[in-house]
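Hi there,

Here is the structure I promised to pass on to you. Have a look at it first, and my notes on what turned up follow below.

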Amino acid sequence: MTVSRRRALPGDLPRRERIARMIRVDHAGEYGAKRIYEGQLAVLGRGPKGAVIEHMAEQEREHLDTFDRLVAERGVRPTLLHPLWHVGAFAMGAATALLGDRAAMACTVAVEEVIDDHYARQAEALGEDEPELKAVIERFRAEELEHRDIGLEHEAEQAPGYRLLSGAVKAATRTAIWLSERV
């Protein structure tokens with residue numbers, strides 16, 4: 001999905017569509033993150049991890065507000081899968097929270113590791129062509145890494161079945177990214 005680093009090849013998407021895909025998928029992802037935290041807060045919000053989860057949820061709401069603005073300013077069509085992410089992301093957050101604090105944190109770590117890679121690839125692909133968008137992506141990437149670190153500090157890796165849970169959440173996140181770029 002490079003924008004400026006290589007010459008276009010037959011079959012490549014036009015630059016405008018590549019940027020629209022980035023904004024579309026990031027908008028969908030930030031909406032999904034907001035819903036994951038809403039699901040976790042529905043289960044754990046009054047418990048000892050409630051304030052930690054609320055902190056991360058607040059940052060995700062700010063990220064979503066930014067992408068809401070970019071979608072409107074740039075005339076990008078949001079993903080048609082929005083209703084699925086509305087239900088699915090909340091369910092993922094609530095289900096992992098029902099497994100316990102550590103499982104909720106394991107969900108956060110898994111999602112943020114995928115998003116770190118996703119945002120890094122986007123920032124590299126943008127090069128210097130889109131300085132405002134690149135700056136947003138890099139700032140949000142740093143905050144997503146903060147969320148990953150918070151999850152690790154709160155014993156995510158000690159969740160029962162951590163490797164299995166992490167793998168499943170990562171697979172779901174990668175699938176959501178791929179679909180949201182295209183649909």
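**Helix packing and open space**

H3 and H6 lie roughly antiparallel to each other, because their axes cross at roughly 165 degrees and an angle over 145 degrees counts as roughly antiparallel (under 35 is roughly parallel, 65 to 115 roughly perpendicular, the rest oblique). Those axes come within 13 Å; axes here are lines fitted to C-alpha atoms, for helices over the stretch in contact, and angles run from 0 to 180 degrees between N-to-C directions. Helices are DSSP runs (H or I, at least four residues), numbered from the N terminus.

A word on provenance: this is a predicted model, so local features need pLDDT of at least 70 and side-chain atom pairs count only at pLDDT 80 or more, while totals for chains, interfaces and linings use all residues. Residues are numbered from 1 along each chain as its sequence is written, and side-chain values use heavy atoms, with hydrogens and water left out.

On the H3 side, Trp 85, Met 92 and Thr 96 make the contact, meeting Leu 165, Val 169, Ala 172, Ala 176, Leu 179 and Ser 180 in H6; contact means heavy atoms within 4.5 Å. That contact has seven nonpolar, two polar and no charged residues. For the classes, Ala, Val, Leu, Ile, Met, Phe, Trp, Tyr, Cys and Pro count as nonpolar, Asp, Glu, Lys and Arg as charged, and the others, Gly among them, as polar.

- The axes of H2 (residues 50–74) and H5 (residues 131–153) come within 11 Å and cross at roughly 160 degrees, which makes H2 roughly antiparallel to H5. The crossing is left-handed, and its contact has eight nonpolar, five polar and nine charged residues.
- H4 and H5 pack at about 160 degrees with their axes 8 Å apart, and are therefore roughly antiparallel as well. H4 also passes H5 in a left-handed crossing. Among the residues in contact are Met 105, Tyr 119 and Leu 126 of H4 and Leu 133, Phe 140 and Leu 152 of H5. By class there are 12 nonpolar, four polar and eight charged residues.

The largest pocket has a volume of about 420 Å³. On a 1 Å grid over the protein atoms alone, a pocket is an open set of points with protein on both sides within 12 Å along at least five of seven lines, a cavity is a set where a 1.4 Å probe fits but cannot get out, and lining residues have an atom within 4 Å of a point. Points are joined across faces, edges and corners, and a volume is the space filled by probe spheres set on them.

Of the 25 residues lining this pocket, Gly 29, Gly 32, Ile 36, Thr 173 and Ala 176 are the closest to its centre. H1 (15–44), H3 (82–98), H4 (101–126) and H6 (162–182) each give two or more residues to the lining, with the largest share, eight, coming from H1. The lining has 14 nonpolar, six polar and five charged residues.

What lines the largest cavity? Ala 33, Ile 36, Tyr 37, Thr 108, Val 111 and Glu 112 do, around about 40 Å³ of space. H1 and H4 each supply at least two of the lining residues.

Best wishes

Definitions and conventions. Left-handed = near helix turned anticlockwise from the far one by under 90°.
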